[in-house]
Amino acid sequence: MMLKLLQMTGQVMLLWIIYWLGNQITVITGLPIPGTVFGMVLLFLLLLCGIIKLSYIQEAADFLLKHMLFFFIPIAVGLMDWGAMFYEHAAVLTLAIVVGAVLPFFTVGIITQLVYKEDKKCK
């Protein structure tokens, strides 16, 4: 039990270090991109290159994903104070939500089709 706790702690620390590095990249570059995005890209590249093996972070990542809802509860409660603003700007917010959901959906679909066609040509 103690070994599993230490392993989980180490995995969370590794994920936190990658998160911190992503934030540092944002600070150093001054780009208007959240540090979490840089952290995710960094984690992806580290996994892709094999520098970090999935087994190094698997248990902590599974735990965090399993309990992700708890991280959103404070945000959801905080949004209750913004009800009047949501009501006042409902049309703009609805448009932003719809475009923000539909545009990536079609973009990923088109890119997937292009990649699939290119992969078929290579065979």
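Modeller: Here are some notes on those topics, and please keep in mind that the model is predicted.

Colleague: Okay, what volume does the largest pocket have?

Modeller: The largest pocket comes out at about 520 Å³, and its lining is made up of 15 residues, with Leu 15, Met 40, Leu 43, Ala 61 and Leu 64 lying nearest the centre.

Colleague: Which helix gives the most to that lining?

Modeller: That is H1, which contributes five residues, although at least two lining residues come from each of helix H1 (2-29), helix H2 (35-49), helix H3 (54-66) and helix H4 (68-79).

Colleague: And how does the lining split by class?

Modeller: There are 13 nonpolar residues and two polar ones in the lining of the largest pocket, with no charged residues.

Colleague: Switching to Gln 11, is that residue buried or exposed?

Modeller: Gln 11, which sits in helix H1, has a relative accessibility of 4%, and because the cut-off for buried is under 20%, Gln 11 counts as buried.

Colleague: What is Gln 11 in contact with, leaving aside neighbours within four places in sequence?

Modeller: With those neighbours set aside, Gln 11 is in contact with Ser 55, Tyr 56, Ile 57, Gln 58, Glu 59 and Ala 60.

Colleague: Last topic: how many aromatic pairs are there?

Modeller: The count comes to one aromatic pair. The ring centres of Phe 105 and Phe 106 are 5.4 Å apart and the planes stand at 80°, so the pair is edge-to-face.

Colleague: Is Phe 105 buried or exposed?

Modeller: Phe 105 is exposed, since its relative accessible area is 58%.

Notes: Residues are numbered from 1 along each chain as its sequence is written. This is a predicted model: local features need pLDDT of at least 70, side-chain atom pairs count only at pLDDT 80 or more; totals for chains, interfaces and linings use all residues. Side-chain values use heavy atoms; hydrogens and water are left out. On a 1 Å grid over the protein atoms alone, a cavity is a set of points where a 1.4 Å probe fits but cannot get out, and a pocket is an open set with protein on both sides within 12 Å along at least five of seven lines; lining residues have an atom within 4 Å of a point. Grid points are joined across faces, edges and corners, and a volume is the space filled by probe spheres set on the points. Ala, Val, Leu, Ile, Met, Phe, Trp, Tyr, Cys and Pro count as nonpolar, Asp, Glu, Lys and Arg as charged, and the others, Gly among them, as polar. Buried means under 20% relative accessible area, exposed over 50%, partly exposed in between (1.4 Å probe, protein chains only). Contact means heavy atoms within 4.5 Å. Rings of Phe, Tyr and Trp (its six-membered ring) pair if their centres lie within 6.5 Å; planes under 30 degrees apart count as stacked, over 60 as edge-to-face and the rest as tilted.
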